Amino acid sequence: MTAMNVVHMRVKPGKDEEFLRIHKDFNAHDMPGGRNFWVMKSGERSYVIVGEWDSMEALAAARPAMIGNLDRLRPILEDLGGGRGQTEPWSGEVALHLG
């Protein structure tokens, strides 16, 4: 069953271009089971990363690679506040697709 992951991040002032470059350099399509990936700008210095996967198992298998990329991003990310840390991640199986 199709799975999705969504992660909210906010970059430090002046770091938008570096943030996008790091994502361009990370070839997400090399991860088995990865279908589509988006970087959505959701506000000033605020981004949401969306990944579409063949299954939860494929998503789980890709987590070490995704964490490795996140480690490259950490120096340019701000804390989101409210005890969330630098990222607010969500993942799960698609319950309904209206497309």
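Author: The answers below take up the sheet, the helices, the salt bridges and the nonpolar cores in turn.

Reader: What should I know about the model and its numbering?

Author: This is a predicted model, in which local features need pLDDT of at least 70 and side-chain atom pairs count only at pLDDT 80 or more, while totals for chains, interfaces and linings use all residues. Residues are numbered from 1 along each chain as its sequence is written, and side-chain values use heavy atoms, with hydrogens and water left out.

Reader: In what order do the four strands lie in the sheet?

Author: The order is 2-3-1-4, in an open sheet with antiparallel pairing. Strands (E, at least two residues) and helices (H or I, at least four) are DSSP runs numbered from the N terminus, and two strands pair if DSSP finds at least two bridges between them.

Reader: Which are the edge strands?

Author: Strand 2 (34-43) and strand 4 (88-93) are the edges, each pairing on one side only. On average, neighbouring strands of this sheet are turned by 15° against each other, direction ignored. Axes here are lines fitted to C-alpha atoms, for helices over the stretch in contact, and angles run from 0 to 180 degrees between N-to-C directions.

Reader: How many bridges join strand 1 to strand 3?

Author: Eight bridges join these two antiparallel strands, and Val-7 stands opposite Ile-49 in strand 3. Strand 1 (residues 3-10) also pairs with strand 4, in the antiparallel sense, over six bridges. In strand 4, Glu-88 is the bridge partner of His-8.

Reader: Where does helix 1 pack?

Author: Helix 1 (residues 16-25) packs on the sheet and touches strand 1, strand 2 and strand 3 (46-53), its direction making about 10° with that of strand 3. Contact means heavy atoms within 4.5 Å. Helix 2 (residues 56-73) lies across strand 1, strand 3 and strand 4, and runs at about 15° to strand 1.

Reader: Turning to charges, how many salt bridges are there?

Author: The count comes to nine salt bridges, a salt bridge being a side-chain nitrogen of Lys or Arg within 4 Å of a carboxyl oxygen of Asp or Glu.

Reader: Which residue forms a salt bridge with Arg-10?

Author: Glu-78 does, with the closest N and O atoms 3.1 Å apart. This pair links distant parts of the chain, since Arg-10 is in strand 1 and Glu-78 in the loop between helix 2 and strand 4, 68 residues apart.

Reader: And what does Arg-35 do?

Author: The side chain of Arg-35 meets that of Glu-52 in a salt bridge (3.6 Å, N to O). Arg-35 lies in strand 2 and Glu-52 in strand 3, so the pair ties together parts that are 17 residues apart in sequence. Arg-35 also forms a salt bridge with Asp-54 (2.7 Å, N to O). Asp-54 lies in the loop between strand 3 and helix 2, so this pair ties together parts that are 19 residues apart in sequence.

Reader: Is Glu-52 buried or exposed?

Author: Glu-52 counts as buried, at 16% relative accessibility. Buried means under 20% relative accessible area, exposed over 50%, and partly exposed in between (1.4 Å probe, protein chains only). Arg-35 is partly exposed at 33%, and Asp-54 is likewise partly exposed, at 39%.

Reader: Where is Arg-45?

Author: Arg-45 is in the loop between strand 2 and strand 3, and is buried at 19% relative accessibility. A polar atom of the Arg-45 side chain lies 2.7 Å from the backbone oxygen of Val-11.

Reader: Which residues make up the largest nonpolar core?

Author: This core has 11 residues, among them Val-7, Val-11, Phe-19, Ile-49 and Leu-70. A nonpolar core is a set of buried Ala, Val, Leu, Ile, Met, Phe, Trp, Tyr and Cys residues joined through side-chain atoms within 4.5 Å. Strand 1, helix 1, strand 3 and helix 2 each supply at least two residues of the core. Another core, of seven residues, lies apart from it and includes Ala-28, Trp-53, Leu-59 and Ala-62.

Note on methods:
A polar contact is a pair of N or O atoms within 3.5 Å; within protein, one must be able to donate a hydrogen and the other to accept it, and residues adjacent in sequence count only if both atoms are side-chain atoms.
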